Amino acid sequence: MESDRTDNLRIHEADYADAAHARAIVELVDGYARDPMGGGQPLGEYARQKLVAGLRDHPTSLVLLAFVDDQPAGIAVCFLGYSTFAGRRQVNVHDLAVQPDFRRRGIARRLLEAVERKAQALDCCRITLEVRDDNHTAKQFYHSLGFGTDDPGANNVAMLFLKKRLGKAKSRRPKAES
């Protein structure tokens, strides 16, 4: 994807081998995790160490980075999925975050516009995302961009995002043979 440039803002598809991009991914996701709407806790050391390699190795990851004057300003972490009902790919925006010092400058909008362009280029049928029910600012923002809870193919019934937590990842070190 070409970089997207207006004034000092550039949006790039992440290059996991680029050290500056790798640092930006960890910094931006950690900043989001520390935000009250992201849970209010920093990323654990395990997640910090595995994040970039995990995204690189995930076959459907799509990460867009926003830089302002070479400073990491925002991130959209997305994953491609597949709509069985539409018979086409779809994009899920898993994380969308803008650093506090860069908020209210249109960066989140520009990131989502870049996600939409990429989704259209991949012939996706839709973009999905989840948002906290108590994040009224984000919900209003997403609605302004055309995101909604209704889906004409589902009789206009709102869908819920449910989760089930699993235990911690087990060590992959082989056990000593007896």
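This is a predicted model: local features need pLDDT of at least 70, side-chain atom pairs count only at pLDDT 80 or more; totals for chains, interfaces and linings use all residues.
Helix H1 gives the most to the lining of the largest cavity, contributing three residues.

A search of the whole structure turns up one cavity of 30 Å³ or more, and the volume of the largest cavity is about 30 Å³. Two or more lining residues come from each of two elements, helix H1 (19-34) and strand S5 (88-98). Sorted by class, the lining holds five nonpolar residues, two polar residues and one charged residue.

Attention now turns to the helix pair. Helix H3, spanning residues 107-121, packs with helix H4, spanning residues 136-144, at an angle of about 45°, and their axes lie 11 Å apart. Because of that angle, H3 is oblique to H4. The crossing in which H3 passes H4 is right-handed.

For a reader tracing this contact in the model, the residues to look for on the H3 side are Ala 108, Arg 109 and Leu 112, which meet Phe 141, Tyr 142 and Ser 144 of H4. By class, four nonpolar residues take part in the contact of H3 with H4, alongside one polar and one charged residue.

Key: Residues are numbered from 1 along each chain as its sequence is written. Side-chain values use heavy atoms; hydrogens and water are left out. On a 1 Å grid over the protein atoms alone, a cavity is a set of points where a 1.4 Å probe fits but cannot get out, and a pocket is an open set with protein on both sides within 12 Å along at least five of seven lines; lining residues have an atom within 4 Å of a point. Grid points are joined across faces, edges and corners, and a volume is the space filled by probe spheres set on the points. Helices (H or I, at least four residues) and strands (E, at least two) are DSSP runs, numbered from the N terminus. Ala, Val, Leu, Ile, Met, Phe, Trp, Tyr, Cys and Pro count as nonpolar, Asp, Glu, Lys and Arg as charged, and the others, Gly among them, as polar. Axes are lines fitted to C-alpha atoms, for helices over the stretch in contact, and angles run from 0 to 180 degrees between N-to-C directions. Angles under 35 degrees count as roughly parallel, over 145 as roughly antiparallel, 65 to 115 as roughly perpendicular and the rest as oblique. A crossing is left-handed if the near helix is turned anticlockwise from the far one by less than a right angle, and right-handed if clockwise. Contact means heavy atoms within 4.5 Å.
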